Amino acid sequence: MAQLDLSAWDAQLPGLAQKLPDLDGLDQADIQRLEALILQAQAQQAASLAAATEESLSHVPALLRGAVRKLLFR
Amino acid sequence: MSELLIKAELQKLAKMLDVPVAELAFVSHLQLEQLRGLRQAVSGYLYDRHARRFKRLAESTRLLPNKVVAVICEKVIPARISAQVTGLLEPAAAVDLAGRLDTGYQADICVALDPRRAREVLQAMPADNVVKVAHELLRRREFMTMAQFVDALTNEQIRRVALEMNGESLLRVGFYVESVERLDQLIALLEAPQLAQTLAAGAEDDGALWPEILSLAERLGEAQRRRLGDRLAEASPQVLTSLVQALYERDLWRDAVVLFDALNEGAQEVLIAALVSHADSDSGPRDHLHRILPLLDDGLRRKILLALDQT
């Protein structure tokens with residue numbers, strides 16, 4: 001089987017390709033599908049945490065919200 | 001390696017990626033170790049990329065009394081954020097805080113937590129609290145979540161939780177436990193009646209959980225596998241009939257070989273009688289039985305052939 005090319009992953013999933021096991025058995029099309037699924041999961045997770053953060057901040061008075069966000073979530 | 005272990009691993013990968021298992025058909029031919037390595041790498045990657053972002057939030061908990069932090073958490077901080085923070089807390093502070101949080105909120109945190117990132121905190125938790133949260137997770141049927149914690153908790157914590165679990169939940173959790181060593185320890189903690197309960201659970205719901213039992217048997221060390229086999233020898237006729245039916249109807253023969261090999265002589269006789277009786281109840285099933293024979297050890301194979309010849 002030809003060597004899998006995971007170089008494209010570095011742009012959107014930096015560092016992950018180096019942590020993966022040998023995925024001998026997948027072809028290049030499979031690798032692209034896998035990348036798409038991981039990117040989708042990453043986007044969902046980021047959106048979920050962002051929504052949770054906003055939900056937390058909604059309890060803070062509007063005038064203080066920016067400062068609290070900067071202090072706790074960055 | 002059993003197809004059942006691959007199935008469990010695909011389900012875990014699907015849960016992590018939040019997609020239906022069917023969407024992962026294109027990786028289903030990978031080896032178990034490849035699938036596990038893939039899931040662990042992606043899980044660590046997704047979890048760690050937010051760790052730095054919540055470090056300040058974790059540090060800020062030190063500025064206020066835990067009594068206040070607990071109120072703020074439950075009213076203001078969604079559990080999925082607390083899950084990111086849990087592993088960053090000092091264990092003693094986390095224990096004190098957990099004691100002030102509602103059990104449901106703690107269960108919500110567990111569902112979103114990567115236990116490998118919070119092992120120190122989890123092991124510091126009093127067993128009573130662990131049991132309370134486990135009850136809630138069982139009520140929600142969060143078996144996959146609970147299995148992830150088996151690797152992270154202490155033996156004493158696991159023993160206390162296991163005492164509270166029925167046969168069905170032990171099987172469903174055991175199906176997803178990753179470390180064979182920890183699974184073996186978990187089964188070793190069970191008293192004989194509780195182990196027998198797991199077999200009885202296999203027979204319920206039209207034998208739906210026999211795959212889980214056979215997957216369990218496959219991953220156990222010799223001593224625990226023999227204990228499970230001994231319980232099979234004492235099982236009721238209904239349990240044995242259910243097992244034999246499942247073997248024929250679900251084609252679980254290959255998965256059952258390790259359990260067959262672990263049976264003592266008495267258990268072998270009971271099982272052979274059930275197998276042969278079922279084989280003769282219909283015209284076709286003998287073929288299934290003959291297919292499995294080459295996989296069995298010489299003694300058991302001879303006994304089955306003899307029993308078939310006598311009928």
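Residues are numbered from 1 along each chain as its sequence is written, and chains are lettered from A, and ligands numbered from 1, in the order in which they are written. Because the model is predicted, local features need pLDDT of at least 70 and side-chain atom pairs count only at pLDDT 80 or more, whereas totals for chains, interfaces and linings use all residues.

The secondary structure of chain B consists of 21 helices and zero strands; helices (H or I, at least four residues) and strands (E, at least two) are DSSP runs, numbered from the N terminus. Along the principal axes, the C-alpha atoms of chain B fill a box of roughly 80 × 40 × 30 Å. Of the 311 residues in chain B, 42% are buried. A residue is buried if 20 or more other C-beta atoms lie within 10 Å of its own, exposed if 12 or fewer, and partly exposed in between, with C-beta atoms placed from the backbone. Among contacts in chain B between residues at least 6 apart in sequence, 83% join residues at least 24 apart; two residues are in contact if their C-beta atoms, placed from the backbone, lie within 7 Å.

The largest nonpolar core has 84 residues, of which B:Ile213, B:Leu214 and B:Ala217 touch the most other members. Such a core is a set of buried Ala, Val, Leu, Ile, Met, Phe, Trp, Tyr and Cys residues joined through C-beta atoms within 7 Å. Helix 17 (residues 237–249) of chain B gives the largest share of this core, six residues. Another core, of 18 residues, lies apart from it and includes A:Trp9, B:Leu13, B:Leu24 and B:Leu30. Leaving aside residues up to four places away in sequence, B:Ile213 touches B:Leu171, B:Thr198, B:Leu199 and B:Gly202.

In helix 10 (residues 143–150) of chain B, the buried residues are B:Met146, B:Ala147, B:Gln148, B:Phe149 and B:Val150. They pack against helix 8 (119–124), helix 9 (127–139), helix 11 (155–163), helix 12 (167–176) and helix 13 (180–189) of chain B. The loop between helix 9 and helix 10 of chain B holds B:Arg141, a residue other than glycine with a positive phi, near 60°. B:Arg141 is exposed, with 12 other C-beta atoms within 10 Å. B:Asp251, in the loop between helix 17 and helix 18 (253–261) of chain B, likewise is not a glycine and has a positive phi of about 50°. B:Asp251 counts as exposed, with 11 C-beta neighbours inside 10 Å.

Helix 1 (residues 3–17) and helix 2 (residues 32–48) of chain B pack at an angle of about 20°, with their axes 10 Å apart. Axes are lines fitted to C-alpha atoms, for helices over the stretch in contact, and angles run from 0 to 180 degrees between N-to-C directions. The two helices are therefore roughly parallel (angles under 35 degrees).

Between the chains, 27 residues of chain A are in contact with 25 residues of chain B. On the side of chain A that touches chain B, helix 2 (16–19), helix 3 (28–57) and helix 4 (62–73) of chain A each give two or more residues. Helix 3 of chain A provides the largest share, 15 residues. By class, this side of chain A has 14 nonpolar, eight polar and five charged residues; Ala, Val, Leu, Ile, Met, Phe, Trp, Tyr, Cys and Pro count as nonpolar, Asp, Glu, Lys and Arg as charged, and the others, Gly among them, as polar.

Terms used
Angles under 35 degrees count as roughly parallel, over 145 as roughly antiparallel, 65 to 115 as roughly perpendicular and the rest as oblique.
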